[in-house]
Amino acid sequence: MSIPAASPPNAAVYAFWRDLYLDDQSRISYTTVGAAGSRAFVLEFENARVRGANGAVDFEIKLHE
């Protein structure tokens, strides 16, 4: 099966289209911010490693209501 799949369900979030892995220096955190009706769920990745590359990346995914 390829990603994204042509047929439903295809409910996925493709935030950083790379093969990532976490080590003891990595961290994932999350929170919800804002008031009802305009909230956002924030998922943060810190020091995520990219397979086959040097270094690490930091990024966040923010999903709004």
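Modeller: The chain of this predicted model has an average pLDDT of 89, with 94% of the residues scoring at least 70; pLDDT is the predictor's confidence in each residue, from 0 to 100. Residues are numbered from 1 along each chain as its sequence is written, and side-chain values use heavy atoms, without hydrogens or water. Local features require pLDDT of at least 70 and side-chain atom pairs 80 or more, whereas totals for chains, interfaces and linings use all residues.

Strands are DSSP runs of E, at least two residues long, numbered from the N terminus. Confidence is highest in strand 2 (residues 27-33), at a mean of 98. Strand 2 pairs with strand 3 in the antiparallel sense over 7 bridges, pairing requiring at least two DSSP bridges. Within strand 3, Leu-43 is the bridge partner of Tyr-30. The hairpin has 6 residues between these strands, and Gly-34 adopts a positive phi near 95°. Gly-37 also lies in the loop between strand 2 and strand 3; it counts as exposed because its relative accessibility is 59%, the cut-offs being over 50% for exposed, under 20% for buried and partly exposed in between (1.4 Å probe, protein chains only). The C-alpha atoms of Gly-37 and His-64 are 9.2 Å apart, at a sequence separation of 27 residues.

The largest nonpolar core comprises 6 residues: Phe-45, Ala-48, Val-50, Val-57, Phe-59 and Ile-61. Strand 3 (40-50) and strand 4 (56-64) each contribute at least two residues to this core. Such a core joins buried Ala, Val, Leu, Ile, Met, Phe, Trp, Tyr and Cys residues through side-chain atoms within 4.5 Å. Beyond its neighbours within four places in sequence, Phe-45 contacts Arg-27, Ile-28, Val-57, Asp-58, Phe-59 and Ile-61, contact meaning heavy atoms within 4.5 Å.

Notes. Helices (H or I, at least four residues) and strands (E, at least two) are DSSP runs, numbered from the N terminus.
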